[in-house]
There are 2 protein chains.
Amino acid sequence: MDKPTLQKVHNLIKPYIHRTPVLTSELLNELCEAEVFFKCENFQKTGAFKMRGATHAILNLTKEQKSKGVVTHSSGNFAQALSLAAKNLNVKAYIVMPENAPEVKKSAVRGYGGVIIECGSGVNAREHEAVRIQKEKGATFIHPSNDDDVIYGQATAAIELLEDYNDLNYIFAPVGGGGLLAGTILAANHFSDTCKVIAGEPFEVDDAYRSLISGRIEKNKTSNTIADGLRTYLGDRNFPIIKEHVEDITRVEEDEIIKSLRLIWERMKIVVEPSSAVAFAAVLKDKKRIRNKRIGVIISGGNVDVSNLPF
Amino acid sequence: MDKPTLQKVHNLIKPYIHRTPVLTSELLNELCEAEVFFKCENFQKTGAFKMRGATHAILNLTKEQKSKGVVTHSSGNFAQALSLAAKNLNVKAYIVMPENAPEVKKSAVRGYGGVIIECGSGVNAREHEAVRIQKEKGATFIHPSNDDDVIYGQATAAIELLEDYNDLNYIFAPVGGGGLLAGTILAANHFSDTCKVIAGEPFEVDDAYRSLISGRIEKNKTSNTIADGLRTYLGDRNFPIIKEHVEDITRVEEDEIIKSLRLIWERMKIVVEPSSAVAFAAVLKDKKRIRNKRIGVIISGGNVDVSNLPF
């Protein structure tokens, strides 16, 4: 991976994504005693950064592969992103989802043209179904986070942020499956001489933090966090990048996530999902390190059920 | 009032306000079968358009007047706006508020440097206190909506919108006290050859609608609407402008306001207050008239208690 390659990825996906705005808040700057620049992927198509990686992964398929479609398992933002990215490129998308997934998520996928394949709950069931679709349809499997093309696509959010503000000291990103974090690290390494990347992670699902210590991919025993996008674990494609280059992983408690979420909603006037609030919660917790610095925060998405808020 | 004067007002207040972004949503365009451009005053300083009029009103005072301060009665967005506008211009702001106003509103005013004068509830009590402060301190009274300088200041939101998109067919704005609506009308008349202005108003407080019919300023018997910023009535400075030039006033039911609010939150990913949702609810209701047209919507503000939502 080098800078021209990442630049090429960005140019490739540009027609299919929004260049999202970077917002600031004087009040939050005062609170942090730092200058904070929020890269607002909640305004991205399908409401999350996942659109970047999904689009890039499909664009990189051969014509033959494209004709047979793509398949993934996700009940979250990647399901919607792959569905719309595929639709934009005239490719069929099969989305393996647990049959008990919320109807609102299913209808969002259908709305973007994805074909839902229902499966039982649990990792085995969904992987089994995804393999079946690959065999039956010849569809290409695209992993939501542990896939090089997906990681390179996710890198473009931080590339844009660094194009707009090239003197950031730190970028904070949430870590769940690790695709966004690994991509952000690649962007910082190749598009800045000084910018370091810090991850925010809920204490309740601190598999990435423990993986850094043990040197191998750890999993979570529970999924008891409001940040539902961060319950997954790292993979062999993104973990080496994270292990080598991440500056730190800052863990945050659930009440810190909710406080951060509320601050962003009330002060920035934007709707973000709890996983996004984890990155800003880490900023608030790292007060000493960030004082008087210039900080980027990747607001990963804004898909949240407004009738079920923690306030 | 002419175009150069309004342009001068805009130039005068520019250093003290944000030029707020105009956002769009493909999905909401599809839903409306029109192109809708949201002028996002929820991102304005103090979270509402009121900052524009408050700043202009203070800038237009004499040096002598400035030295003695300003006074208003408001427990809503104008209280915060006048406090911050005054602070920015080194002027003292006295804000008459009912003693039972929510603590969060009082602390917001204090945070912006306003001096709170508590009064009993009811129109008489607050007017009495405001007169007392004028006499005692020599402060200049600035009405939240029925004041020429305030109206001209509020006009600048639509001026910016028309600078960005000069071919709009309609601009929709909410009507409460009438300052924003009158200002929007002035902007449309002087900065566009074709753009007409339509107001959105809750059925529950449809004083402006009834005033148009009767030809005199009507009041409301109840204040039973979620759009708490629109419970006030018109005044003798703004009503003549509205009466002569408004294209229409579209009334909306409470459930239509809530549906509009939720659509904006979930689809646009922005936090707006119910009064703002009234304007978009009117767009949704006026489907025939707006089909295939280019529509501006003034999102008036985003100050809302997220722990007390109607979803």
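1. Strands, in the sense used here, are DSSP runs of E with at least two residues, numbered from the N terminus. In this predicted model, strand β5 of chain B covers residues 115–119, and B:I117 lies in that strand.

2. B:I117 has a relative accessibility of 13% and therefore counts as buried, the cut-off being under 20%. Leaving aside residues up to four places away in sequence, B:I117 touches B:Y94, B:I95, B:V96 and B:M97, and also B:E129, B:R132 and B:I133. A separation of 9.1 Å is found between the C-alpha atoms of B:I117 and B:H73, which are 44 residues apart along the chain.

3. Helix α5 of chain B comprises residues 77–88, 12 residues in total, and spans 17 Å from its first C-alpha to its last; this is close to the 16 Å expected at 1.5 Å a residue. Just after α5(B), B:N90 adopts a positive phi of about 55 degrees.

4. Because 10 of its 12 residues are buried, α5(B) is largely enclosed by the rest of the structure. The buried residues are B:N77, B:F78, B:A79, B:Q80, B:A81, B:L82, B:S83, B:L84, B:A85 and B:A86. Their packing partners in chain B are the helices α3 (50–59), α6 (103–111) and α8 (148–164), together with β3 (70–73) and β4 (93–98).

5. In chain A, the axes of helix α3 (residues 50–59) and helix α5 (residues 77–88) come within 8 Å and cross at roughly 45 degrees. The two helices are therefore oblique to each other, and α3(A) passes α5(A) in a right-handed crossing. On the α3(A) side the contact is made by A:K50, A:M51, A:A54, A:T55 and A:I58; on the α5(A) side it is made by A:N77, A:F78, A:A81, A:L82, A:L84, A:A85, A:A86 and A:N88. By class, this contact contains 9 nonpolar, 3 polar and 1 charged residues.

6. Helix α5(A) also packs with helix α6 (residues 103–111) of chain A, at an angle of about 15 degrees and with the axes 8 Å apart. This angle makes α5(A) roughly parallel to α6(A), and the crossing of the pair is right-handed. The contact involves A:A79, A:Q80, A:S83 and A:K87 of α5(A), and A:A108, A:V109 and A:G111 of α6(A). Its composition by class is 3 nonpolar, 3 polar and 1 charged residues.

Note on methods: Residues numbered from 1 in each chain as written. Chains lettered and ligands numbered in written order. Predicted model: local features only at pLDDT ≥ 70, side-chain atom pairs only at ≥ 80, totals over all residues. Heavy atoms only, no water. Axes fitted to C-alpha atoms, helices over the stretch in contact; angles between N-to-C directions. Helix = DSSP H or I, 4+ residues; strand = E, 2+ residues; numbered from the N terminus. Parallel < 35°, antiparallel > 145°, perpendicular 65-115°, else oblique. Left-handed = near helix turned anticlockwise from the far one by under 90°. Contact = heavy atoms within 4.5 Å. Nonpolar A, V, L, I, M, F, W, Y, C, P; charged D, E, K, R; others polar. Expected span 1.5 Å × (residues − 1). Buried < 20%, exposed > 50% of the residue type's maximum accessible area, 1.4 Å probe, protein only.
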